[in-house]
Amino acid sequence: MTLRADRLRVRVGAATLLDAITLAARPGEVLALIGPSGAGKTTLLRAWSGELRPTAGAVTLAGVPLAAIDPRALARARAVLPQQASLRFPLTALEVVLLGRLPHPSRGESAADLAIAGEALALAEADHLAERLASTLSGGEQQRVQLARAFAQIWEPTPAQAQRVLLLDEPTASLDPGHAARILGRVRRFARATRAAVVVAIHDLNAGARCADRLALLDGGRVVAHGRPAAVLTPARLGRCFGAAFDLFTAADGGFAVHPRLLADETDETYEPWKTP
Amino acid sequence: MSAAWRAPTRRLRPRVVLGGLALVVVVAALVELSVGAATIDVPQHLRCLAGEATGCAAGERYILLSLRLPRTLVAAVVGCGLAVSGAAMQGLFRNPLADPGLIGVSSGAALGAGVAIALEAGAELLPFGLTLPALAFAGGLAATCLVHRLAQVRGQTSVTSLLLAGIAVSALAGAVIGLLGYIADDQQLRDLSMWLLGGLGGASGDVLLVLVPTVAIACALLWRRARALDALMLGEAEAFHLGVDVERLRRRVVAEVALAVGACVAFTGVIGFVGLVVPHLLRGVVGPRHRLLLPAAGLGGAALLLLADAAARTVLAPAELPVGILTALLGAPVFLSLLARARAAEVA
Amino acid sequence: MPSSLLSSFVLAVGLAAATACGASSTAPAEAAPAEAAADDAPVARPARIVALGGPVTETLFALGAGSRVVGVDLSSLHPEAATRLPRVGYYRQFSAEGVLSLRPDVVIASDQAGPPAALEHLRASGVPVLEIPAADDLNDARANLEAIAAAAGVDAAEALRLRARLERDLEGAQTLLRRARSRPRVLFVYARGPGRLLVGGRGTPMAELIALAGADNAGAAIEGMRPWSAEAVIDAAPEIVLLPSRGLDSVGGEAGLLALPGLAQTPAGRERRIVAIDDLKLLGFGPRIGEGLRELVVGLHPEVAEGPT
């Protein structure tokens, strides 16, 4: 009962966006996708959501190719938080969250749906925004509302699909550190409690390391490292991938953090393309 | 976490909105029935029809039952069809300023009408009264098919390619209409321009026989797309994530809008702005969710066209103004103010 | 908030409707066919006539039936009295209810009048409709005069008087024409503002008029009214340019016309031979066709005006 990519390749036009990806998101676990911009994190999420068809290889949920699953049945089991949501219609935050209930038989129109939407908003710390027009909210508020929608979509297991999948693309990009920490903690608890397979594409290496059970480091459309956070985030590997020097800091409770050094600390002091007086 | 949750209070309750709009439609229909070039005591005639009174002039009865009544029904059906189509198109294009004409159906229908008028084509096949609507309807559907075909890239359409194909096909239809105008004599030219202005003068029982089922079926089918259109408000990828087959939805909505608008345009000519302005205005009242917006737009469109036609039939009586001129006169300023407001919101 | 304003307005209208028309909201469900059988035989002397088409209106007034005309269409521009009557729209696009609201005993319409559905409505409601064929020549003009006189129930004497005047005018035109020594090439142009020059070809009423006035149509290379290029106009080499007086105004008079590309390079342009005609008199082949034709003969053959007429 796993979301799996098996020797997955995705080409769009002449560009190969993903190649030879073999990776699984397991029930009850959080998998974080990290890597430099353009490494293929979002593309992998899109392939795993069923939105992008594999050029080669396979994407399966519980052994069934995604393309073979009815879109609505799939939607009852799999929710996606987009990196950026654009809303040109005057929906309230609550209405946006209720749209998450659309794939279910009650179509988001029952009292139960309303209750779920409310709880999902609270889970995403957005319940005070329920009556506001979503388009008037700040970036961070909109992101929490969208997250609540994703939670509401897979709030309960469905008879047909006991497995649930949550795909989050940069869930903390616009959040302040407090919100980010609490929300990632809840995502982790959601995975544990519901046995959902959770995949988080995330830029913040330390946040990814904190919330995920496993990290997959992507670079150039391939998985270059995969495993427990401490095993993946070695300064040497990060230096190769990101083109900067990293320091590893260890905390008293066993936690750790990696930080890149500023470029100016390096030997690169002669690099001055701008005009000096 | 488990606070008591209730429906958004910002909006009116659906039943109140739809009930209110239905009453407006009834009033508008009574206005349309009551006013006109001829002065008719409508309540008296209703009593005559009910057998409670006698002595109603047959001529007046004819005007009431054979001219105004079919016209009232046609105005309601066409207004409804155009506004529902407009609401669906705005949902499909995810743009509150979209218009049912975007997919080429109106310009295609205009071309069909132009062929019927300028070439007097098919006059032998059907009585002339039917040739024009038939050719206009066929033209509208053919243009929409062409737009959809042109917009397909590797089996996929996109909103942008639909829009561009719509513009291209409309331009092509415009060019051919220009050519027909060159061939046409002065009177045909005048007929064509009158047709393009839109009018409900052709209303009759026969027209209703074709129009009512076509528009009803198309609107019922569009109503079934309401939830998918709701999901589409979040974006195309998001709609897919919510279980919507976006490509299929697009194909169906385009076909259903072409059916409704094609039928309306075929019998009445091009009546602008109803499909653009009515859904846009009502979205502010009932919210953007299509389960409520589509029926509200249908009622609002019917009421607007009824009132516009009542005005069109009275301002120059005993002559009448093409109702398309009136809807454009009313709609264009509303549209411009909406545009200005949208831009102000962007700047803010 | 504007949306709540709008919604309360909607509500208010709805409530007003509920109270105002509770009883009458049950509108009749279907249109019953008219009782009166369609009967195209007009009443002997209709008291209320609606005329659709300029020549029809003009003929009715010339027959002395103008006082019984209660409505006309937008193309009825002559005589002046007709323009003060209620207008039911352009005759190709008239409003059935508009005509019926004038309670006509008979509708006399050009056969170009429409839309067909509106004519059907008139007949179905029991109003006799007489369609007058579009006149393309003098025989049509005579026949239409008779038909309109009969439909309007005009005294035979009155009809004869108008007919006699028509024949006298036509005879006058013929007499003048016998004195003509020239047969000019004439191009009929319909200038609707700069840049749109329509030329009268074969099969048009203008071609018929040019022939009746003893001249050759320089536009005979084409059929119908068509826009022409400057080159084609030069190539046709007309000696006289003929146009409706209203068209001459729209291009800014004689100077404006000659400034149009091509015209100045024709023999007509070089010698400034431009003849403006009253299109209302001539183009509909109405009752003043004889008078118009006489003026046209004089215009195209200036030599005939030298002697007594």
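Helix α11 of chain B is mostly covered, with 18 of its 23 residues buried. The model is predicted. Two pairs of chains are in contact, and chains B and C share the most contacts.

**Helix α11 of chain B**
- α11(B) covers residues 246-268.
- Its length checks out: at 1.5 Å a residue, 23 residues should span 33 Å, and the end C-alpha atoms are 32 Å apart, which agrees.
- B:Gly269 follows α11(B). The phi of B:Gly269 is positive, near 80°.

**Contacts between chains**
- Which chains do not touch? Chain A and chain C do not; their nearest C-alpha atoms are 12 Å apart.
- Chain B puts 27 residues in contact with 31 residues of chain A.
- On the side of chain B that touches chain A, the elements giving two or more residues are α9 (226-232) and α10 (236-241) of chain B.
- α10(B) gives the most to that side, with four residues.
- The residues on this side of chain B are 13 nonpolar, six polar and eight charged.

**Strand β6 of chain A**
- Is strand β6 (residues 78-81) of chain A covered on one face or both faces? Both faces are covered.
- A:Arg78 and A:Val80 lie on one side, A:Ala79 and A:Leu81 on the other, and all are buried.
- β6(A) runs parallel to strand β7 (residues 165-169) of chain A, and four bridges join the two.
- A:Val80, one of the buried residues of β6(A), has A:Leu167 in β7(A) as its bridge partner.

Methods:
Residues numbered from 1 in each chain as written. Chains lettered and ligands numbered in written order. Predicted model: local features only at pLDDT ≥ 70, side-chain atom pairs only at ≥ 80, totals over all residues. Expected span 1.5 Å × (residues − 1). Buried ≥ 20, exposed ≤ 12 C-beta atoms within 10 Å, placed from the backbone. Contact = placed C-beta atoms within 7 Å. Nonpolar A, V, L, I, M, F, W, Y, C, P; charged D, E, K, R; others polar. Pairing = 2+ DSSP bridges.
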